[in-house]
Amino acid sequence: MRTYSMIGVCGVFMFALIVFWGCGPQSDGISYSEEIKPLLNQKCLRCHGGIRQQGGFSLLFEEEAFAPTESGKAAIIRGNANSSELIRRVKESDPEVRMPQEGEALTMAEIELLEKWINQGARWDEHWSYRELKKPDLPPETEWTTHPIDHFIYAILKDNFLEPSGRAKPHVLVRRLGLDLIGLPTPQAWAENYLKEPTSDNYEKLVDSLLASPHFGERWAAVWLDLARYADSQGYEKDQFRSIWKYRDWVISAFNKDMSFDQFTVEQLAGDMLPDPTKDQLIATAFHRNTMTNTEGGTEDEEYRSAAIIDRVNTTFEVWQGTTMSCVQCHSHPYDPFSHKEYYQILDFFNQSQDADLDSEFPFDYVHMDTTISDLDEIAKWIQEKRELPGDEALDRHTIRELVFPRLFADLSDGFNDILIRNNGGFSTWSYNANNLKNKQFYLLFEDIDITGLTQIGVKYSSNGDDALLEVRLDDKDGRILCSQPLSNTKGIKGSRYRYFDLDSTATGANNLLFQFVNTTNKLPDGMVAVEELELVYNGERLPEAIRQKQDQILDLYRSGIMIPVMRERPMALKRNTHIYDRGNYQTKGEPVDAGLPGILNRDGSSNAHTRLDLARWLVSDRNSLTPRVIVNRFWEQIFGYGIVRTLEDFGTQGITPTHPKLLEYLAWQFSRDWNWSVKRLLKEIVLSETYQQSSATSREKLESDPNNYLLSRGPRIRLSAEQIRDQALAVSGLLNTKIGGPSVMPPQPSGIWQVVYNNATWEEAYGDDRYRRGIYTFWRRTTPYPSMVAFDSPSREVCVSRRIRTNTPIQALVTLNDPAYLEIAEHLGRWISDQEGTLNDQFSAALRHLFYHEPNPDEVAVLLDLYESSQQPQVQLISAADKADLQSPYTVVANAILNLDVFLTKS
């Protein structure tokens, strides 16, 4: 659980903000949420909250705060502070009796505040972030601007005796816009068009061009991938590779198409549960398949499946609700009104997915090349014609299953339990830890199977003992048994054994078929089996060999595609029971629970949610006021360096109070209502504001009054992200490969980085244009992320990261001065400089214009001329195996210096 020293320590600042808060209680009474709750969080809730409720007294929920304690009396008597035990105990001089017993006593001012609140009736109002979203009135117009955002900003500046800065110079705005909207320098032609005539209309046209750029999606996907904890590997000890880059490309495409954020949300959280989901909607669900998978030998798969489900709960509520939920896994929230039980009601939404920490990472969807799709279509038409099946244009898993029927394969099943589904369609009951084998139930389920005339079941399997049993049931685990046969030892038999068992069935029509593989003695390996396929035999007639061969061909082609892990729901017949984990331990299961929403966010009970799809839709419904607040705050932070709520991950009572609360409400309302969740519209509104277009130059008075520019009396000035630093350098050198999407690549990195236990994979350095792709396409391995980006504060992506820290360390300078990738970039920029016409002065002036869009002053060029002259001395020559002659060129030295300028590494 994160706590923030700003609460309590900076009480004066926080209380001052109450003046600006227009959505809270009126000033005629003391506000519980704004004045009392922060005090209780700091002094009381460690003993009387979600973790501990000493004396039977809790201040977490209203009904608990006024309920009788263990003494039989309530600690707070509304309207009567003198009779309230709470007041008596905080005033007590005896340290054995005085509250709080841990930490410093309350000050007289704090006690008086509590007394006034109780005497006023101890009204319990909601924290600002949980209140219903309402559109605020615009502050009065100003002479500064007519833009709505600026009205809210100016009102706060005025109250703090600050004035906005003047507008930034056109060349500064050109560079700022490019870096903010596409993460790259603005294309020279677009920049020149604006700089020739820097009017408001041309500024807006430049904004529109950047928003329409295909690189827009790359810039904003890089931000989202931190939240999605995207990586090209599974994590944990082995950290095996994972083919999930199609999800990254889906995110890029979604931003480029300006997919409405509500649809963006639903497809990622529950695209698989939409009616007839498209392939893209299935790929979108990989958002929650970015959880880590532990393939280390001897680990308990259920433990790490539970860890993945818990991560999905925590990530969902951090990303969309700005809520720190991780602590509620073990106990009720210490500071915010989320109970331990509610956590597991939310967990039930995610507990019904099919994935189960399997080595194969099943379930997945396939993406095929065009040539493969053509071959699939050809074979499909042949089978459909021979078997008189209807044609189906969409060759998805359902169509493939129809084409290969009556043969059944695990990867085409509707549900499974405790088995390892392999990438060839077979499965094994070896997948789970032998230490608790007796608890395992190995099931494979196929829904809607016509069993009219079904006479036999064929099983192609191998076994190392005689202790395995096959049971076939109708409908579910308690259904009628159609077949119960031992699967005898196949040792000595080359390959798998095919056996056919008669069925005892007179049933007809469509039913579920449930195959259970029972280890009758719970031994290893005697009761374990590996099954390649199952076959249904109707009226004693088996498939002709010609059709079987075509089915094998279409299966091989289908399975040759790129496998993308996706979400898929378990069928009702295999629905998991969800229990509260006692103290967060998955092995200690308590009360059973069903899916449900937290009460504080569904106070009137009007939102019913039973499935993941219901949850996703509720998150972006008008009944949920947190999501639009949290999301607009994330985009604001990317533009200005700080969120309106600086704690992006925590909108709760321990988070930092918004600096511009009415502005946050306005943007949240506009974004989710009037702008129909359009990200591009939101960003356009922000960058068209005068607040955004301010100069970042400041004064001593402003630095003293608002050193971090939280109140926005000047333009943003922040260090670029790891990806932007690399991408900008590639762009200005002319090396950048602008291709959109595709598999992750491995650009140059120092040798010896990849040394992972139990994994001999190596960094295969890309050659040709792939080594110059944008940072978003760099192969991301969790145990060893790309080192030069780590130096600039990129995360490992093992967990969701809402905001990257921005550090300033010597290692960063060492990277941009000496990393092989940056040296290569400097070489190419040096060649570009040397190819410019004119004198050295002309060449260096052209270089600075190329990077910063304006004519440099003579002093700047003089410094580069001096560096050029001094770099011709032998003691400062650079050495590189790539091209020693060129690296010794003083042009490379100058280019390297330009790429390391503070103004180049900073957005200002």
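**Close-up views of a predicted model**

A search through the whole structure turns up 45 aromatic pairs. Keep in mind that this is a predicted model.

**View 1. Y130 and F338 meet edge-to-face.** The ring centres of Y130 and F338 are 6.0 Å apart and the planes sit at 80°, so this pair counts as edge-to-face. The two partners come from distant parts of the chain, 208 residues apart. Y130 belongs to the loop between α6 (108-119) and α7 (148-159), while F338 belongs to the loop between α15 (301-321) and α16 (340-351).

**View 2. W763 and Y786 make a stacked pair.** Here the ring centres are 5.8 Å apart and the planes are at 20°, so W763 and Y786 are stacked. W763 and Y786 both sit in the loop between α26 (722-733) and α27 (787-791), so the pair ties together parts that are 23 residues apart in sequence. Both W763 and Y786 are buried.

**View 3. Ten names, one aromatic cluster: W224, Y247, W250, F255, F261, F264, F287, W320, F671 and W677.** R646 lies over the face of Y710, 3.8 Å from the ring centre. R673 does likewise with W669, at 4.5 Å from the ring centre.

**View 4. R229 and D311 form one of the salt bridges.** A whole-structure search finds 48 salt bridges. In the one shown here, the closest N and O atoms of R229 and D311 are 2.9 Å apart. R229 is in the loop between α11 (215-227) and α12 (245-256) and D311 is in helix α15, so the pair ties together parts that are 82 residues apart in sequence. R229 counts as buried at 0% relative accessibility, and D311 counts as buried at 16%.

**View 5. E300 and K440 meet through their side chains.** This salt bridge spans 3.5 Å from N to O. E300 is in the loop between α14 (279-284) and α15, and K440 is in the loop between β5 (427-428) and β6 (442-450), so the pair ties together parts that are 140 residues apart in sequence. Both E300 and K440 are buried.

**View 6. E723 and R804 join up at 2.8 Å, N to O, in a salt bridge.** The pair links distant parts of the chain, 81 residues apart, with E723 in helix α26 and R804 in the loop between α27 and α28 (810-818). Again, both E723 and R804 are buried. Elsewhere, a network of salt bridges links R407, E533, E535, R548 and D552.

**View 7. Q516 sits in strand β11 (residues 510-519).** Q516 has a relative accessible area of 12%, so it counts as buried. Which side chain does the side chain of Q516 make a polar contact with? The partner is Y443, at 3.5 Å. Leaving out residues up to four places away in sequence, Q516 touches F442, Y443, L469, L470, E471 and R473.

**View 8. Helix α3 (residues 32-43) is largely enclosed by the rest of the structure, because eleven of its twelve residues are buried.** Among the buried residues of α3 are Y32, I36, P38, L39, L40 and K43.

Technical notes. Residues numbered from 1 in each chain as written. Predicted model: local features only at pLDDT ≥ 70, side-chain atom pairs only at ≥ 80, totals over all residues. Heavy atoms only, no water. Helix = DSSP H or I, 4+ residues; strand = E, 2+ residues; numbered from the N terminus. Buried < 20%, exposed > 50% of the residue type's maximum accessible area, 1.4 Å probe, protein only. Polar contact = N/O pair within 3.5 Å; in protein donor to acceptor, adjacent residues only side chain to side chain. Contact = heavy atoms within 4.5 Å. Phe/Tyr/Trp six-rings, centres within 6.5 Å; stacked < 30°, edge-to-face > 60°. Lys NZ or Arg CZ within 6 Å of the ring centre and 35° of its normal. Salt bridge = Lys/Arg side-chain N within 4 Å of Asp/Glu carboxyl O.
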